[in-house]
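Hello! Here are some notes to read with the structure open beside you.

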Amino acid sequence: MSELQLCTLTVDGKQYAAPSGTPLIEFLRQQGIDLPHICYDRFLGPIETCDVCWVEVDGQLRRGCALTAEDGLNIRIENDKAKAARREGVDRVVARHELYCSVCENNNGDCRVHNVVNQMDVPYQRYPHRRKPYAVDASHPFYVYDPDQCILCGRCVEACQNVQVTETLSIDWQREDPRVLWDGGESANHSSCVSCGHCVTVCPCNALMEKSMLGEAGPLTGMPGKLKRSAIEFVKSIEPTVGFAPIFGLSEMDSAWRRPEIKRTKTVCTYCGVGCAFEMWTRGRTILKVQPVPEAPVNGISTCVKGKFGWDFVNAEDRLTHPLIRENGFFRKASWEEAYTLIARRFGEIKQAHGPDALAFVASSKCTNEESYLMQKLARAVIGTNNIDNCSRYCQSPATQGLWRTMGYGGDGGSISDLESAEMLLIIGSNTAESHPVIATRLKQAQKHRGQKHVVVDLRRNEMAARADVFLSPNPGTDVAWLSAITRYILDHGLDDTAFLAQRVNNLEDYRRSLEPFTLHHAQELTGIAAGRLEEVARMIAGARTLCAIWAMGVTQHRAGSDISTAIANLLLVTGNAGRPGTGAYPMRGHNNVQGCSDFGSMPKRFPGYEFVSDDEVRARYEKAWGVSLSTNKGHTNHAIPRAIHEGELKSLYIVGEDMALVDADAQYVQAAFDKLDFMVVQDIFFTRTCEHADVILPGAPSVEKEGTFVNTERRVQRLYQVMAPLGDCKPDWQIQTELARALGADWNYQSPKEILHEAATLAPMFAGLTYERLEGYKSLQWPIDADGRDTPHLYRDGFHFPDGKARLYPLEYTPPSEQTDAEYPLHLNNGRLLETFHEGNLTHRSAGLRSQVPTNFVEISPALAHQYGVRSGSLVKLTSRHGHIEVRALVTDRVHDGQLYLPENARSNARAINMLTSNVADKDSDTPAYKEIAVKLEVLEVDGESPLPAHNFRFFKATPEDGVHPQQKWQRPDYAAPPQSMPHPEKF
């Protein structure tokens with residue numbers, strides 16, 4: 001902040017300079033002055049409910065949390081009037097909150113109520129605590145709400161309404177005894193609550209508590225309920241005599257007893273590509289809770305249901321804990337040495353008999369960057385093949401291809417902060433609120449509080465579509481048509497950014513000629529979207545000062561997925577929405593490290609940092625460093641591997657951390673290919689569907705059992721630390737790869753992931769300045785990273801990633817979807833993710849709480865279509881495509897249109913898996929399967945059945961939007977008096 005914005009203010013007679021507008025509490029904290037406060041949080045802002053932060057300004061009492069630094073402000077904190085008001089406020093808090101800290105799960109040094117009462121040296125309980133007329137609400141699978149402990153600070157409401165923007169929580173100030181409500185009701189599990197955990201994270205006491213903490217957090221918390229209650233009553237009985245001092249002394253001792261037992265470790269989420277970082281609290285192998293922290297660069301205090309609560313899989317009873325070898329059709333336990341020896345022998349035999357290209361390797365997007373680097377090095381330097389790929393082939397390769405064609409880098413153009421600050425967002429084929437929920441919170445905040453405009457284009461009416469300013473639903477697979485038509489309209493009507501195009505973009509005239517077929521009326525014929533509607537959107541896009549485009553699998557998983565991604569980039573370039581703050585292309589990465597897995601070289605054609613294997617100079621650099629000669633043969637992609645097996649080219653396959661038997665398209669074809677292999681190795685943490693085909697299974701370790709780095713969707717590299725030791729005899733994947741390479745004769749001696757990252761950064765210019773020291777704690781860097789450590793939060797400000805620094809418009813033609821509906825297969829089957837589950841569900845299905853929300857897979861069908869077929873929610877239906885069939889229960893919902901169905905991909909068996917229905921057709925440019933192009937017919941097998949979604953699922957409830965906590969309603973009550981006045985019933989507020 002510049003000096004021109006500094007102001008001078010006075011605090012208790014001393015003058016200070018501060019940036020104008022700084023919240024007073026934050027400013028005072030910087031000066032070493034801790035003004036008591038409970039409801040204020042820098043992420044939540046002033047809520048003005050707790051009445052413990054009073055200061056005097058010009059003779060008047062003011063709530064300190066609501067003040068900001070301004071010139072001439074004269075504040076008195078330590079005068080009698082302000083101190084009396086703060087004391088009255090904290091006495092009211094204690095009247096509402098039963099202090100029994102020594103047996104409280106929240107007595108871990110960060111209970112705001114405990115700390116403020118202690119800080120203010122409150123000597124005794126002035127107002128007695130009175131039990132509220134409400135029972136504890138334990139209905140929710142992940143947390144409990146105790147009205148007796150709730151101080152009505154409203155932090156949970158503010159977080160739900162204005163940070164998460166789920167808009168479920170409120171406080172009913174009109175009740176005789178006010179309380180927090182869920183959509184106006186008293187049951188958390190029967191509401192629109194999406195279980196993000198924001199409310200629990202910001203609760204300043206134990207009113208909202210993770211169930212995983214109950215009885216587990218300290219030496220005294222696990223005592224039986226009756227005994228605990230007796231202890232509480234005993235403490236309360238002696239408090240009037242002894243005061244708070246000895247009670248707080250005991251609680252401090254209890255808190256100290258816990259510190260050696262409760263470990264708090266920074267890690268990075270193992271689910272989607274948002275890259276949330278947080279502390280994981282553990283006691284032994286028990287995961288007590290996930291606690292996000294303000295320092296986290298992506299999420300701050302935010303989480304989603306999976307990141308906050310979806311960690312049961314770590315200690316699941318069916319974890320793989322020792323190597324397995326198949327003998328006579330059955331698996332037996334084996335030692336690591338035996339497994340390595342067998343793998344080395346069989347790999348060697350196959351390589352000797354058929355050459356190195358008879359072996360293929362699949363790296364994991366859930367493993368670390370270091371492990372991706374070793375996987376591609378194992379394939380290239382030890383075996384001698386470029387048959388190495390990862391699951392970005394199944395989702396984001398078309399987006400990467402589109403960006404390579406037009407802008408030069410295969411990653412997000414900027415940061416999440418750019419998405420927040422943009423004037424307008426174009427969201428295409430991205431169910432952001434369920435697939436990338438923490439990013440969605442930022443977008444919903446921008447829309448709700450700053451008027452950001454959202455244009456959502458999707459087949460299905462997801463949450464972002466329901467909230468959108470404009471929602472378009474084109475015919476499946478026709479996005480190139482409407483995108484190109486809008487771009488042509490902008491060019492034809494002089495709405496383009498002519499200066500930007502002239503100075504920073506090549507190939508305009510060739511591109512303009514390619515747009516000739518794409519009139520608005522032609523687009524209307526193909527897409528079903530009215531030409532007038534497309535014109536309206538074109539003018540909105542052209543009129544926006546800053547625009548970001550977001551897309552995901554609804555775009556990429558088509559035969560023309562790369563072309564659709566390219567068309568989005570073309571539109572951004574024509575309107576000048578690249579290379580500036582608040583602009584750019586943002587393909588949402590699906591898995592936690594799908595970006596990093598590709599970044600670090602697990603691709604057939606590219607080394608780490610996306611340098612080409614075919615580049616002689618680059619290849620020579622790696623050959624010198626690795627001491628080997630490297631192949632230039634074309635490698636197989638993931639999707640090409642099954643075909644190569646069927647054709648006899650591939651004899652052996654090594655898969656790490658991917659359930660390829662279920663997640664690749666045309667699953668029956670893939671599984672039949674695996675059965676043809678001479679030798680197959682699978683490395684995973686569970687016995688997946690893919691493991692059924694293996695000859696050797698190696699037990700890897702999940703993210704919490706190792707160290708390393710991940711790259712999130714915005715190219716941000718973050719460090720994760722080991723939370724707990726590997727379970728049983730399993731090992732971190734980098735260690736397995738190192739030991740296996742040695743068994744294969746390589747001279748690998750990595751002792752830590754730090755050494756691996758150093759090697760990768762030394763060889764790949766894109767990561768030149770990437771070190772563990774620069775990623776310490778919550779520090780992060782966004783690639784490309786210069787040798788001096790300077791990173792790149794926004795790409796292309798100084799030019800695009802081409803030799804002349806200019807972007808390239810890329811001409812396109814329309815490619816129709818590979819599968820069309822007809823009389824035999826009249827319905828289009830869309831598919832994708834759900835908030836509560838991840839991918840095929842191998843991790844999330846092992847959480848009882850998550851299963852309670854979504855017990856099984858299902859197919860969504862519109863009310864009109866359900867009426868036509870005689871389907872009800874719970875009906876068992878058979879879906880048959882041209883490639884296979886499955887049986888699932890139906891869910892009738894208006895989220896889908898007539899003629900279309902939606903099937904979530906969370907199935908762990910062939911019986912309900914989407915890929916029993918998909919074809920082997922792939923994107924013509926990136927080889928990504930056309931998962932979204934499926935025509936099916938529907939048959940009803942059973943009309944009546946239990947709904948696949950339980951009645952308490954959040955989708956059945958209507959949110960209750962508010963603009964905040966409404967403390968004025970509290971102040972306007974006749975029984976409220978502003979401190980320092982006392983009140984007849986302080987326990988109510």
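1. Let's begin with charges. The structure, which is a predicted model, holds 66 salt bridges. One of them pairs Arg-283 with Glu-261, with their closest N and O atoms 2.7 Å apart. Arg-283 belongs to strand β11 (residues 277–283), while Glu-261 lies in the loop between α7 (244–258) and β10 (263–268), so this bridge ties together parts that are 22 residues apart in sequence. Both ends are partly exposed: Arg-283 has a relative accessible area of 22%, and Glu-261 one of 37%.

2. Arg-332 deserves a look of its own. Its side chain meets that of Glu-327 in a salt bridge (2.8 Å, N to O), and it also bridges to Glu-338 (2.4 Å, N to O). Arg-332 is partly exposed at 26% relative accessible area; Glu-327 counts as partly exposed at 38%, and so does Glu-338 at 32%. Elsewhere, salt bridges with shared partners join Asp-51, Arg-63, Arg-87, Glu-88, Asp-91, Arg-92 and Arg-126 into one network.

3. On to the rings. A search of the whole structure gives 28 aromatic pairs. Among them is the edge-to-face pair of Tyr-16 and Phe-27, at 5.7 Å centre to centre and 80 degrees between the planes. Tyr-16 is in strand β2 (residues 14–19) and Phe-27 in helix α1 (residues 24–30), 11 residues apart. Is Phe-27 buried or exposed? Its relative accessibility is 1%, so Phe-27 counts as buried.

4. Ring pairs also link Trp-404, Tyr-409, Phe-500, Tyr-610, Trp-783, Tyr-796 and Phe-800 into a cluster. Over the ring of Trp-404 sits the charged end of Arg-606, 3.6 Å from the ring centre. Arg-808 likewise places its charged end over the ring of Phe-802, 3.9 Å from the centre.

5. Please look at helix α28 (residues 733–743) too. Why can it be called largely enclosed by the rest of the structure? Because 8 of its 11 residues are buried, including Trp-734, Ile-736 and Leu-740. The cover over these buried residues includes helices α9 (336–354), α10 (369–383) and α29 (753–763), along with strands β23 (652–656), β24 (679–684) and β25 (696–699). Just after α28, Gly-745 adopts a positive phi of about 100 degrees.

6. Finally, the surface. Phe-234, Ile-238 and Val-242 make up a nonpolar patch there, with about 260 Å² of accessible area together. Ile-238 is found in helix α6 (residues 225–242) and is partly exposed, with a relative accessible area of 30%.

Definitions and conventions:
Residues numbered from 1 in each chain as written. Predicted model: local features only at pLDDT ≥ 70, side-chain atom pairs only at ≥ 80, totals over all residues. Heavy atoms only, no water. Buried < 20%, exposed > 50% of the residue type's maximum accessible area, 1.4 Å probe, protein only. Helix = DSSP H or I, 4+ residues; strand = E, 2+ residues; numbered from the N terminus. Contact = heavy atoms within 4.5 Å. Phe/Tyr/Trp six-rings, centres within 6.5 Å; stacked < 30°, edge-to-face > 60°. Lys NZ or Arg CZ within 6 Å of the ring centre and 35° of its normal. Patch = residues over 30% accessible without salt bridge, like charges linked within 9 Å, V, L, I, M, F, W, Y side chains within 5 Å. Areas by Shrake-Rupley, 256 points an atom, 1.4 Å probe, with all protein chains shown as cover. Salt bridge = Lys/Arg side-chain N within 4 Å of Asp/Glu carboxyl O.
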